Amino acid sequence: MVFKSQFEKALDEVSRPGEDWRKAIEPLDDFEIVLASDASALCRAIEALSAHPELLSKPPENSSPGRAYRVAVFFQQVASQEAQQMLGIEGLPRLQKLYDVLYAAKDRDIQSLLFILKVFSMYGSEGGAARIVQAARDGFEQGEYTWEVILRSMGDPEHPCARKVFDELSQPLPPDFIGMAMLDAVNQFIIAGGSGKHPFDSAEGKARLEKFLIDRNEEQLSGAHSATSALPFISEPERGRLLALAMDHASVTVQMEAAWASGKMGNERGVALLTKFCRDIHRSGAARAYLEDLGLEDAIPEDCNDPDFQAMAEMSQWLQHPNEYGRAPEKLELYDSRELYWPPTDDRRNVWLFKYTFPPKEPGAEPDVGIGMTGSVTFALFGEVNSSLPPERIYALHCAWELQGNE
């Protein structure tokens, strides 16, 4: 009798007709492949699915993912070098074949295809890279955010296929959001030390950068920001004109990125602008980071190194994060500051509490007022902390929250 692991049994069900496979695979959502035998079973299941396209029909809308997705997901749940190597050598060619079957289907399983493209990018194989290039050229699901995830890993200069993908997609550039995602990945690649020409350093690329910069739609600011990041790597004569557009942009965040780009090119005007922004409590954190990235820490004004100023700047930057309020508070003031023994870090340190105020969302409503903390993990305990509580109580709540996070 041949012993089969729970994982192997579940994969057997995935390869058979019927819906029992869902019950078999669901308990393994967090399963990690360690054994070579389980990696081999995954390879066999992928091969079996490729041979039976009738099992790969697009799942109904709003239902859980299809079979192809559920097997491909295990490529990113590998916990041993042996299993990783087997999937790289034997699994990827089979996954490429499965992808080709899905891509050729009349009613495509979009979710599975996009996820498999992500796996190809993650593993960095030539066959996978070729399929990413083809899908991008085809404009496959060109508005899907998943393209940002697919191309993000290629921002690493060590990625084995990044330069090849960028070069092959440079003429013509990919459409819509695929092009935006590629722009971000290329910027990251070159800023991190990757070599080669920027794919947007062409007539078509510069025209697209200009389009991003002149678009004043607030919902499209990320395009202007990404275009500005590319400017140090774009050739003249267009670069100067594009930089001027970025420096005069209505968005302060784009102006700051333009100041960084200008400084990257050796322009003192950009450095002076970042120095000025350092004194703006709501812009200081970002301006400081830009100057540090340029290796120009000496350009940070001395008064901006005051611990109280830096703590308030950090609180404002946290509040402005898209996952929090996404904008600077209307008012930000010191609520308390002291030196404490801090149990989560087992040391004595300076900690701060800041009271922030955001205007009401609707006329007649109360403003949004809260208390945030810096000095350890910068955070605001929304709904738990307010200005009616004494500072000691607020520090205790933050301490308990941080200890819980540290388990």
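Trainee: Where is glutamate 407 found in this model?
Mentor: The model is predicted: local features need pLDDT of at least 70, side-chain atom pairs count only at pLDDT 80 or more, and totals for chains, interfaces and linings use all residues. Helices (H or I, at least four residues) and strands (E, at least two) are DSSP runs, numbered from the N terminus. On that numbering, glutamate 407 is found in the segment after helix 18.

Trainee: Is glutamate 407 buried or exposed?
Mentor: Take the cut-offs: buried is under 20% relative accessible area, exposed is over 50%, and partly exposed is in between, with a 1.4 Å probe and protein chains only. Glutamate 407 has a relative accessible area of 88%, so this residue is exposed.

Trainee: What is the phi of glutamate 407?
Mentor: Glutamate 407 is not a glycine. Still, its phi is positive, at about 55 degrees.

Trainee: Which helix holds aspartate 176?
Mentor: Aspartate 176 has a positive phi near 50 degrees, in a residue other than glycine. Its place is in helix 10.

Trainee: How far does helix 18 reach from its first C-alpha to its last?
Mentor: Helix 18 covers residues 391–405, which is 15 residues. The expected span is 1.5 Å times one less than the number of residues. That gives an expected 21 Å, and the helix comes close to it, reaching 21 Å.

Trainee: Which residues does the second, separate core include?
Mentor: A nonpolar core is a set of buried Ala, Val, Leu, Ile, Met, Phe, Trp, Tyr and Cys residues joined through side-chain atoms within 4.5 Å. The largest has 114 residues, and Leu42, Phe75, Leu87, Leu95, Leu98, Leu117 and Trp147 touch the most other members. The second core has 11 residues, among them Leu353, Met373, Ile394 and Leu397.

Trainee: What does leucine 117 touch?
Mentor: Residues up to four places away in sequence are not counted. That leaves Tyr99, Arg131, Ile132, Ala135, Phe140, Trp147 and Ile150.

Trainee: Which helix gives the most to the lining of the largest pocket?
Mentor: On a 1 Å grid over the protein atoms alone, a pocket is an open set of points where a 1.4 Å probe fits, with protein on both sides within 12 Å along at least five of seven lines; lining residues have an atom within 4 Å of a point. The largest pocket has 16 lining residues, with Thr253, Arg283, Gln317, Gln320 and His321 nearest its centre. Helix 14 (252–264) and helix 16 (284–293) are the elements that give two or more of them. The most, 4 residues, come from helix 16.

Trainee: How much space lies in the second largest pocket?
Mentor: A volume is the space filled by probe spheres set on the grid points, which are joined across faces, edges and corners. The largest pocket holds about 470 Å³. In the second largest pocket lies about 340 Å³.

Trainee: How many residues does helix 12 give to the lining of the second largest pocket?
Mentor: That lining consists of Asp184, Leu221, Ser222, His225, Ser226, Thr253 and Val254. Helix 12 (221–230) and helix 14 each supply at least two. Helix 12 gives the most, with 4 residues.

Trainee: Is serine 229 buried or exposed?
Mentor: Serine 229 lies in helix 12. Neighbours within four places aside, its contacts are Asn187, Glu257 and Trp260. Relative accessibility is 9%, so serine 229 counts as buried.

Trainee: Where does proline 237 lie?
Mentor: A cis peptide bond joins glutamate 236 and proline 237, with omega about 10 degrees. Proline 237 lies in the loop between helix 12 and helix 13 (238–247).

Trainee: What is omega for the bond from glutamine 171 to proline 172?
Mentor: Proline 172 sits in the loop between helix 9 (162–168) and helix 10 (176–191). The bond is cis, with omega near -10 degrees.

Technical notes: Residues numbered from 1 in each chain as written. Heavy atoms only, no water. Contact = heavy atoms within 4.5 Å.
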